[in-house]
Amino acid sequence: MERNTLRCLYIVCMFCTALAGDSCSLELRPSRVVVAFGETVTVNCVASRPVRVLGWESAVGATHTQNDLTVQWKVDSLIDWIEEPICYGVFFTAPRQCEEKLNLVLYKSPDSVSISLNHTGTMVEGKEYQLLCEVQNIAPVQYLTLRWYRGQTEVYNHSFADLSPTTPVQVSSSLLITPTVADHGVQYRCTAELDLGVDGPRPPPSVTSKPLDITVHYAPSFSHPEDETLELSKGEEASLNCTAMGNPPPAYTWSTAALSLEKMEDQPVLTSSTLRPGTYTCTASNILGKKSKQFIIKPKP
Ligand SMILES: *[C@@H]1O[C@H](CO)[C@@H](O)[C@H](O)[C@H]1NC(C)=O
Ligand SMILES: *[C@@H]1O[C@H](CO)[C@@H](O)[C@H](O)[C@H]1NC(C)=O
Ligand SMILES: *[C@@H]1O[C@H](CO)[C@@H](O)[C@H](O)[C@H]1NC(C)=O
């Protein structure tokens, strides 16, 4: 009676197998593994019908059993960039042989992530420069996203999904920038992030470069470039503020129609109670240019 039931189940099961086409009656648990370089990995291969030989074909940890319905593939420290291991079964009944490939993802965080500029020295406003981010020894590169940050903001990302090697490689990404005054003092960084899917570690492993400090040289400019008119009574103190933005910091000169103000020539702010009515011109200059601004002093009526 019991025997008949078993036999019946077996027939039903074979029928299922037939319906599933090439179904192998082998199941890998888990079917996909994500392992960090040097870590332990364990996968069971389970047969769902009587099996003569069940085994793992692999460059490391190959093994087989006879008549057992389970065989384990275990490597204590996986440090070989092996092909996908295969579990195979040799059965008493058709299909007499079949195999199941393990979806194995062996990953390695990069040895280094570095950022550089195709230029030495200071950048000049309005010119184009290339930033380069280099990633050494990362695998598998198809799961890598390189993210570029300006300050805290992601400005660009680069994916390598179309590459196929599973062994460690070196890759790079470049970013073209045309710095403005607003970039002076800003830091750029790049981050290599390995997103290995739902079975992978959370958060995804990532390595960030050291920041690259941006120093930009730019010509002087005034926040209020218009002429300024001041009405002063005799003996009243006047303060003429010619401070300009610029890098390197601008040098200043002052002049009036009559004479150049030698003794104050290098100050951005001219403060005096002895300025006579007239037009005072201040010039702020650095290696990238010069700007002038006029202050007109009128007697108070
Ligand atoms: C840096 O890259 C930019 C953009 O590709 C290029 O215009 C510039 O000439 C390069 N500078 C040097 C020093 O190679
Ligand atoms: C890359 O950046 C684009 C926008 O620039 C964004 O839509 C996309 O989600 C980013 N990709 C990743 C993987 O973060
Ligand atoms: C001159 O103006 C600048 C801004 O243009 C300001 O930062 C600075 O404090 C002013 N100096 C004086 C003495 O008013």
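Rings of Phe, Tyr and Trp (the six-membered ring of Trp) pair if their centres lie within 6.5 Å; planes under 30 degrees apart count as stacked, over 60 as edge-to-face and the rest as tilted. The legends below describe a predicted model, in which local features need pLDDT of at least 70, side-chain atom pairs count only at pLDDT 80 or more, and totals for chains, interfaces and linings use all residues. Residues are numbered from 1 along each chain as its sequence is written, chains are lettered from A and ligands numbered from 1 in the order in which they are written, and side-chain values use heavy atoms, with hydrogens and water left out.

**Figure 1. The aromatic pair of Trp56 and Trp73**. The whole structure holds 3 aromatic pairs. In one of them, formed by Trp56 and Trp73, the centres are 6.0 Å apart and the planes make an angle of 35 degrees, a tilted arrangement. Trp56 belongs to strand E4 and Trp73 to strand E6 (residues 70–75), so the pair ties together parts that are 17 residues apart in sequence. Strands (E, at least two residues) are DSSP runs, numbered from the N terminus, as are helices (H or I, at least four residues).

**Figure 2. The open sheet E1-E3-E6**. This sheet has 3 strands with antiparallel pairing; two strands pair if DSSP finds at least two bridges between them. Strand E1 (26–29) and E6 are the edge strands, each pairing on one side only. On average, neighbouring strands of the sheet are turned by 20 degrees against each other, direction ignored. Axes here are lines fitted to C-alpha atoms, for helices over the stretch in contact, and angles run from 0 to 180 degrees between N-to-C directions. Between strand E3 (residues 41–47) and E6 there are 6 bridges in the antiparallel sense. Val41 has Val75 of E6 opposite it.

**Figure 3. Strand E7 with its partners E4 and E8**. Strand E4 (residues 51–57) runs antiparallel to strand E7 (residues 86–91), and 6 bridges join them. Opposite Gly55 stands Tyr88 in E7. E7 is also joined to strand E8 (residues 97–101), again antiparallel, by 5 bridges. Ile86 has Lys101 in E8 as its bridge partner. A hairpin of 5 residues leads from E7 to E8.

**Figure 4. The open sheet E20-E26-E25-E23**. The 4 strands of this sheet show mixed pairing. Strand E20 (228–232) and strand E23 (251–256) stand at the edges with a single partner strand each, so one side of each is left without a neighbour in the sheet. Neighbouring strands are turned against each other by 25 degrees on average, direction ignored. E23 pairs with strand E25 (residues 278–286) in the antiparallel sense over 6 bridges. Thr281 in E25 is the residue opposite Ser255.

**Figure 5. The surroundings of ligand 1**. Asn118, Glu128, Gln130 and Leu176 surround ligand 1; a residue is near a molecule or strand if one of its heavy atoms lies within 4 Å of it. By class, the shell has 1 nonpolar, 2 polar and 1 charged residue. An N or O atom in the side chain of Asn118 is 2.4 Å from an oxygen atom of ligand 1. Taken alone, ligand 1 exposes 360 Å², of which the protein buries 47%. Accessible areas come from the Shrake-Rupley method with a 1.4 Å probe; for residues, only the protein chains shown count as cover.

**Figure 6. The surroundings of ligand 3**. Ser223, Asn241 and Thr243 surround ligand 3. An oxygen atom of ligand 3 lies 2.4 Å from a polar side-chain atom of Asn241. On its own ligand 3 has 360 Å² of accessible area, and the protein covers 35% of this.

Technical notes: A polar contact is a pair of N or O atoms within 3.5 Å; within protein, one must be able to donate a hydrogen and the other to accept it, and residues adjacent in sequence count only if both atoms are side-chain atoms. Ala, Val, Leu, Ile, Met, Phe, Trp, Tyr, Cys and Pro count as nonpolar, Asp, Glu, Lys and Arg as charged, and the others, Gly among them, as polar.
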